[in-house]
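Hello,

Here is the structure I promised to pass on. Please open it first, then read the notes below it.

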Amino acid sequence: MTRRVAVTFPGLEGISVASVVSLTLLVPFALLTVDYTRLDWGVLGLLLAIGVLSSAFPYVLDTYILRRITPRLYAIITSFGPVIAAIFGVLVLGETLLLQQQIAIVVVCVAAGAAIATQRDRPISDLEATAGAIP
């Protein structure tokens, strides 16, 4: 669905529409749970920074990337998310991985490598070949 939005709407219009829809759905629930006595400009600034860095910025990057790569390659790249999180957990937080977790990381990496190694260009029709040859 994200790819469809990225391809359908030019620029960042799709992200803007999705953000407004999500705000409309979530803000009423958030307003019910907020402790208004703790709100100040520092907290609001922190909330804004968290929103931009954890949602807006990654979604904008996803939109630009999805327009330029195949869905298969995007799925392969996305499958590395948990692997990267585990590596940062070890390096930054000093966590230790169980043997089962290490094996799972190896399996994900091997599967992604096999998917990349066996990737073939999709066959194109005569019409697409003709259209591609026109300057």
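**Pro58 and its helix**

Pro58 is partly exposed, as its relative accessible area is 28%. Keep in mind that this is a predicted model. Pro58 sits in helix H3, which covers residues 41–66. Which residues does Pro58 touch, once its neighbours within four places in sequence are set aside? They are Val52 and Leu53.

**Ile15**

Now go to helix H2, residues 13–33, where you will find Ile15. Is Ile15 buried or exposed? Its relative accessibility is 18%, and buried means under 20%, so Ile15 counts as buried. Leave out the neighbours within four places in sequence, and Ile15 is in contact with Tyr59, Val60 and Thr63. Ser55 is also worth a look. Ile15 and Ser55 are 40 residues apart in sequence. In space, their C-alpha atoms are 10 Å apart.

**H4 and H5**

Next, a helix pair. Two packed helices are described by the angle between their axes and the distance between those axes. Helix H4 runs over residues 71–79 and helix H5 over residues 81–93. They pack at an angle of about 25°, and their axes are 4 Å apart. Angles under 35 degrees count as roughly parallel, so H4 and H5 are roughly parallel to each other.

Which residues meet there? From H4 come Ile77, Thr78 and Ser79. From H5 come Gly81, Pro82 and Val83. By class, the contact of H4 with H5 has three nonpolar and three polar residues. No charged residues take part in that contact.

**H6**

Last, helix H6, residues 99–117. H6 has 19 residues. From its first C-alpha to its last, H6 reaches 27 Å. That is close to the 27 Å expected at 1.5 Å a residue.

Which residues of H6 are buried? Ile105, Ala112 and Ala115 are. These three cover an arc of only 95° around the axis, which puts them on the same side of H6. What do the buried residues of H6 pack against? They pack against H4 and H5. The other side of H6 has exposed residues: Leu99, Gln100, Val106, Val107, Val110 and Ala117.

**Where to start**

Then follow the buried residues of H6 to H4 and H5. After that, turn to Ile15 in H2 and Pro58 in H3.

Best wishes

Terms used: Residues numbered from 1 in each chain as written. Predicted model: local features only at pLDDT ≥ 70, side-chain atom pairs only at ≥ 80, totals over all residues. Heavy atoms only, no water. Axes fitted to C-alpha atoms, helices over the stretch in contact; angles between N-to-C directions. Helix = DSSP H or I, 4+ residues; strand = E, 2+ residues; numbered from the N terminus. Parallel < 35°, antiparallel > 145°, perpendicular 65-115°, else oblique. Contact = heavy atoms within 4.5 Å. Nonpolar A, V, L, I, M, F, W, Y, C, P; charged D, E, K, R; others polar. Expected span 1.5 Å × (residues − 1). Buried < 20%, exposed > 50% of the residue type's maximum accessible area, 1.4 Å probe, protein only. Arc of directions from axis to C-beta.
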